[in-house]
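Welcome! Take a moment to look over the sequence and the model, and then let us walk through a few places together.

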Amino acid sequence: MRYISFLAACVALLPSTISADSNLSEPLSSQQILPDNFKPPRVFQNVNLLRNTNLEKGYVRETVNVVIENVDSKPQSEYYIPFSVDVIGNVGGLEVRDKKTPGPSFKTELVEYDPYSPTQFFRTTLPQPLAPKSQLTLSITYHILSTLTPLPFKIGQNDRQYLRYTFSTYTPSAYPTLKQKTKLKFPTPDVPDAIGGSPERQGSTFTYGPYNDLVPAGALEPASVRYEFTKPVIHATLLERDIEVSHWGGNLATEERYWLTNQGAHLKDNFNRVQWAAAQYYKPPTSALRDLNVPLKVGSLNPYFTDDIGNVSTSRFRSNKREANLELKPRYPVFGGWKYSFRIGWDADLKSFLRVVKSPEGGHVLKVPFLEGPKMGEGVSYGKVELQVILPEGAKNVKFETEVPLVRVEETVHRSFMDTVGRTTLKLTAMNVADEARDKPLIVTYDYPFSAAFRKPVTIFLGIAAVFLTAWGIGRLDVTIGKQS
């Protein structure tokens, strides 16, 4: 299990801004393999560190603001971030930035691949080496999926749900820390159990520290909390998302296929539909998933909602000049441990997403969201996301850019009705994605020559002409029996 979780993390944090041409043949492997006894050189120290852990959603979101200082005699540019091998396979969306200077995130990569090492490291390369005795404030953000466990594991249909989170009051670091503090933000003030440390409680916030004594590198102080979370813990093990571009129809068709599960507490008794129906009159908090809200782009139309059985009529689509919202209600409430798979789709005006660039080759720029889907207060996490952008037949020189870390990039061919050579398709795969990626765009550039636009009409014309010529030829055949007069 440690090897599997480690291997998933190896591919989950490759460089986040990539182009299709330069990544189609790259192996999914580390750029550097380090021995299991590797320790980062002690060239930095953390002068002041503040870790904010947010538990308001069904996954853990962490932000670490740290002032680092170069204590070496030479400029240094590599900062290491440690994770235990049991956690690193669920880490996603890791970004490191300069907190005081707005700009792109720093290059971050996984450099430790030995599955037998208890600690793995991410290496962040600073854009400019930090001079001796100089300081820099880093903002490190990431989320951890599938790390919250329900306690108790089984509850009644109308009972409150509690989750347990295990962590260290000392922030794991590869460098000594002079001063640090950890804050935990809960969804409600109902936190019946807090083991380890002596937190200061203020409403729904716990504060551990400040610890003003020197904390050695790698020091840990185990702790755990159990808090109320009477909401569904929504997790999609797989999301397949297709975006089809049609120049002739001026349409952008989107379809998403979900394999959802609720990672919350299981039912200790059989499901009681009468009890569930009676509770819907006053709608108390519940750990079951009963509906999904999917905000769409303004101007979206023709939505549909189907599952393994067929069309699901329990949906509502509201659209006006200011918003477009698709409200979904599954066929049954999804309690802890239950699963539900379905698909949704809609159309949109291509002009809102596509821009034509004046060039001899007919350049086009497509800007679409990398992720749309449900937007819920309790959050939605995705174990694996497969995104396909199906371009018009004849598109070439495809490149793309996105901030979402990817594990695989492929350029394939998709064949549909009346195609000749097939449509160029860009397939992107990401792991450990949170719903916060909704705000991150995917920009695809490609060339679409003027002659390629007539490929399909010519194909249709030639097909129809071939049918008529064949019918005319068959009609001219003499199939009579006997001698002609």
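## A buried asparagine

Asn 46 counts as buried because its relative accessibility is 0%, and buried means under 20%. The model you are looking at is a predicted one. You can find Asn 46 in strand E1, which covers residues 44-54.

Which residue's side chain makes a polar contact with the side chain of Asn 46? The partner is Thr 177, at 3.1 Å. Leaving aside neighbours within four places in sequence, Asn 46 is also in contact with others, including Val 66, Val 67, Ile 68, Tyr 79 and Ser 173.

## A buried threonine

Now move along to Thr 402, which lies in strand E27 (residues 396-402). With a relative accessible area of 3%, Thr 402 is buried too. A polar atom of the Thr 402 side chain lies 3.3 Å from the backbone nitrogen of Val 404. The backbone oxygen of Pro 441 is 3.5 Å from a polar atom of that Thr 402 side chain.

In soluble globular proteins, nonpolar side chains tend to be buried together. Here the largest nonpolar core has 52 residues, and Phe 342, Leu 366 and Tyr 446 are among those with the most contacts inside it. There is also a second, separate core of 45 residues, with Leu 49, Ile 68, Ala 174 and Val 233 among its members.

## A nonpolar patch outside

Finally, turn to the surface, where Val 458, Phe 461 and Leu 462 form a nonpolar patch. Together they have about 310 Å² of accessible area. Leu 462 belongs to helix H3, spanning residues 455-476.

Conventions
Residues are numbered from 1 along each chain as its sequence is written. This is a predicted model: local features need pLDDT of at least 70, side-chain atom pairs count only at pLDDT 80 or more; totals for chains, interfaces and linings use all residues. Side-chain values use heavy atoms; hydrogens and water are left out. Patches are made of residues with over 30% relative accessible area and no salt bridge: like charges are joined within 9 Å, nonpolar side chains (Val, Leu, Ile, Met, Phe, Trp, Tyr) within 5 Å. Accessible areas come from the Shrake-Rupley method with a 1.4 Å probe; for residues, only the protein chains shown count as cover. A salt bridge is a side-chain nitrogen of Lys or Arg within 4 Å of a carboxyl oxygen of Asp or Glu. Helices (H or I, at least four residues) and strands (E, at least two) are DSSP runs, numbered from the N terminus. A nonpolar core is a set of buried Ala, Val, Leu, Ile, Met, Phe, Trp, Tyr and Cys residues joined through side-chain atoms within 4.5 Å. Buried means under 20% relative accessible area, exposed over 50%, partly exposed in between (1.4 Å probe, protein chains only). A polar contact is a pair of N or O atoms within 3.5 Å; within protein, one must be able to donate a hydrogen and the other to accept it, and residues adjacent in sequence count only if both atoms are side-chain atoms. Contact means heavy atoms within 4.5 Å.
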